[in-house]
Amino acid sequence: MLMSLSDGDDSRTRTLHALRNNDESRDEVLRQFVRLASQALGIPGSFISVLDDEMQHVKAAHNFTLTQSSRQDSLCRHVVDTDSAVVVPDTLLDIRFAAHPLITGAPFIRFYAGVPLKSSTGLILGTLCVTDTAPHRFGGDQVAMLKMLAALVMSFLEAWYSAGFADPVTGLPNRQRLIRDLQFLAASGDTTPRRLVLIDCIDMPRAYELARSMGMGPVESLLKDVATLLPLRLRPAPGEMLYTVATGRFALLTRQESRLTANWVATKLAGISADIGDGLSVALTTHTGEASFNTGEMPAQEILRRAVSALHEAITRDVASMPFSEATDSRHTQDFTLMHDLATALRQDKGLWLAYQPKICLHSGKPIGLEALIRWQHPVRGELSPAQFLPFAGQTELLSELTTWVTEHAIARLSRLRNSYIQLPITINVSSSDFSRDGFADELEERMIRAKLPVSLLGVECLETERILESPTAMQGLEMLKLRGFGISLDDFGTGYSNISYLRRMPLDVIKLDRSLISEISSDTASRVIARSIIAMLKDLDYMVLAEGVENEETVKVLTEFGCDQAQGFFYSRPLAETALDEWLGWRLRSKY
C-alpha cells in the first residue's frame, strides 16, 4: 500500500503529506505520465493533482499553468467526491462551471476530463486530468484510456513508496519512513508526548558468519521471522508503528502512556528464538533503548539519534534496556569531540609528545633502556594522560595512526643520538590491531633500515595480551617481529590467572611484573613469597625480568635479592620529556654507582 501508518482519514492525510513534499525523481516521472496522457488522448493540456481538505496541489502538468487552487474552486474535487470519472465537453454549457473563476479567468478551462487516483487500499488521493481552452468530444474509449493511465500512475506511486519507504527483506516501513512520519507529526502540530523504542535482538556479526557458510538465505529468513515475531509478542495497539531501521534493528513509535517501554519490550522478548529455515533456530539476545519526546521540539533525526544513543549504552553496559540520558550522551559527545581533536592533532602534529621512562639495571644501577609513553597537551583540556584518550582511539583507526606517530618519533630520537653515549634502546607499546596489520613487521623493519639503525634498538611491548592470543593474525604478526630481531616485552604480568599460558604461546624476551605484584614486597611476607616464586620461575625459563612501579629503595633491595634484572618507577625517574631526559641521562651515566 502507498501509506499505512494507521487506518482511514489519518492514513490518507499522511499519504497526501508525503505526495505534497517535493521529490524531483518522482515528480519527473509524473511529468512523463501527463505528457503521455496528452499524446495518447489528443488533448493538449494535462495534469496530476493532489487534494487535501483545503487545497488542490498540481504535482505535474503539461501545457497547464495552474499550480494550486482552493479545494472549493477545484474542478477535481467533483472527481474525488464522487469517486468517478468526470467529463465536461464544454464548461460554458455546464451550469456548475459557467461562471467558475478558472473558466472565466486563467487558465480558461473550456474542456475538462478527470479520473480519480485511487490506491490499492481504496484511498483517493487526487486526479489525472486532461484539459484544453477549447471544447472537445470525449468518448468511452478515451475515458477508459484515461483510467488505464491513472492506474499506471498509482502503480508507479505505490512502487516508489515500496522502494523508498519499506524494507525489502522484512516488508516493514524503513528508517526513511520513520523520519517522514516524525516530520509529518511535527508539521501537523501534534504535541502528544511520544516514545521511540529501538530493539536490537540479532547478533549481526554472528548472522554474517552464518551467511559465509550457508548463504544469505538463512539470514533473510531470520530477519523475516523476527519481523513476524515482534508484533505477535508485543501486540502494538492501533497507531503504534513498527519499523526496520537497520539490518537486524527495529523501532517502535508509540505514545508516552503506552505499555511499550524499552524495559517492557526487553522483558517480553527475553529468551526468544527465531527460525533460519530447515527446522533450525537461533537464540536471540535483546537490548533496547528509548527516547521520549514531544513532536516538534526537536528534529526527527535527533529523536532517532537519542534512541540510538540509549540502545548503544544498553549494549555497551550489557543490560537489557536503557532510557536516553542527557549526561551519558553528553559524555559520549565529548568523547567523539576528543577523537576529532586527536585526529587533528595527528594530522597537524601539534600537541602530541613523547615522555620516556628509564629502565634501570638492578645489578649496575645504570640506565639500560627507555619506554616511550605518549602524552597529549590538549588546546582546551590541558595535559591528558593516555588513559583519557587511548581507550577511545582503540575503537577507531586512530590507534594505528598513533602507533605510527610514536614509532616515527622514537626512531627520530634514536637517529639523533646515533653515536651519543646517552643512546639507549627504546620500547614502544603496540596493540593487537597493530600486530594484526598486514605487513606491520616489514614496515617497522624498513623504517629502521632507512634510519640506518639496528632493529635491536627498538623493542615492542604487548598491550591487550588476551586479544593478541585470540587473534591468529596478531600472533603471526608477533612471530614476524621476533624473526626480524625486535625484542618483545609482555606488560602487566601477574594481573590475571592466565598469565602462565602466555609464556608458552608467545615469543617473549622480557616479562614486566605489574606494580600490583611488587608494591608491597618490602612490607608484606605473602607478597614477598609470591614475587620470589614468580621471579625464580621466570629466570628458570630464561626470561629477562623487569619490575615496574618501583617507588622506594627497600623494594629495589628485595627485587635485587630475588634476582630481578631491571626496574622502572618513580624511585628512579618519572617519565621525562626529551630535553629533560637528555639532561638526566647525562648526569646519571657520568655518576658512579
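# Briefing: salt bridges, surface patches and backbone features

Arg 447 counts as buried, at 17% relative accessibility (buried is under 20% relative accessible area, exposed over 50%, and partly exposed in between, with a 1.4 Å probe and protein chains only). The model is predicted, so local features need pLDDT of at least 70 and side-chain atom pairs count only at pLDDT 80 or more, while totals for chains, interfaces and linings use all residues. Residues are numbered from 1 along each chain as its sequence is written, and side-chain values use heavy atoms, with hydrogens and water left out. The structure holds 32 salt bridges (a side-chain nitrogen of Lys or Arg within 4 Å of a carboxyl oxygen of Asp or Glu). Helices and strands are DSSP runs, numbered from the N terminus (helices: H or I, at least four residues; strands: E, at least two).

- Arg 447 is joined to Glu 408 by a salt bridge between their side chains, at 3.4 Å from N to O.
- This pair links distant parts of the chain, with Glu 408 in helix H13 (residues 398-416) and Arg 447 in helix H15 (residues 440-450), 39 residues apart.
- Another salt bridge pairs Glu 445 with Arg 484, where the closest N and O atoms are 3.5 Å apart.
- That pair also links distant parts of the chain: Glu 445 is in helix H15, and Arg 484 is in the loop between helix H17 (472-483) and strand S19 (487-493), 39 residues away.
- Arg 484 counts as partly exposed at 23% relative accessibility, and Glu 445 is partly exposed with a relative accessible area of 24%.

- Arg 177 and Asp 181 form a salt bridge, and their closest N and O atoms are 3.0 Å apart.
- The two residues are separated by about one helical turn, because they lie four residues apart in helix H6 (residues 175-187).
- Asp 181 is buried, with a relative accessible area of 3%, and Arg 177 counts as buried at 0% relative accessibility.

**Surface patches**

- Patches are made of residues with over 30% relative accessible area and no salt bridge; like charges are joined within 9 Å, and nonpolar side chains (Val, Leu, Ile, Met, Phe, Trp, Tyr) within 5 Å.
- Accessible areas come from the Shrake-Rupley method with a 1.4 Å probe, and for residues only the protein chains shown count as cover.
- A patch of positive charge on the surface gathers Arg 233, Arg 235, Arg 259 and Lys 268 (Lys and Arg count as positive, Asp and Glu as negative, and His and the chain ends are not counted; the place of a charge is NZ of Lys, CZ of Arg, CG of Asp or CD of Glu).
- Lys 268, one of the residues in that patch, is found in helix H9 (residues 262-268).
- The relative accessible area of Lys 268 is 36%, which makes it partly exposed.
- Met 145, Met 148 and Leu 152 make a nonpolar surface patch of about 250 Å².

**Backbone features in loops**

- Ala 106 and Pro 107 are joined by a cis peptide bond, with omega about 10°.
- Pro 107 lies in the loop between helix H4 (101-104) and strand S5 (111-118).
- Phe 108 lies in the loop between H4 and S5 and has a positive phi of about 60° although it is not a glycine.
- Phe 108 is partly exposed, its relative accessible area being 46%.
- Asp 349, a residue other than glycine, also has a positive phi, near 55°.
- The loop that holds Asp 349 runs between helix H11 (326-348) and strand S14 (352-361).
- Asp 349 is partly exposed, at a relative accessible area of 41%.

**Surroundings of Ala 85**

- Ala 85 lies in the loop between helix H3 (76-82) and strand S4 (86-88), and is partly exposed with a relative accessible area of 29%.
- Apart from neighbours within four places in sequence, Ala 85 is in contact with Gly 114, Val 115, Pro 116, Val 143 and Lys 147 (contact means heavy atoms within 4.5 Å).
- Asp 335 is 250 residues from Ala 85 along the chain, and their C-alpha atoms are separated by 62 Å.
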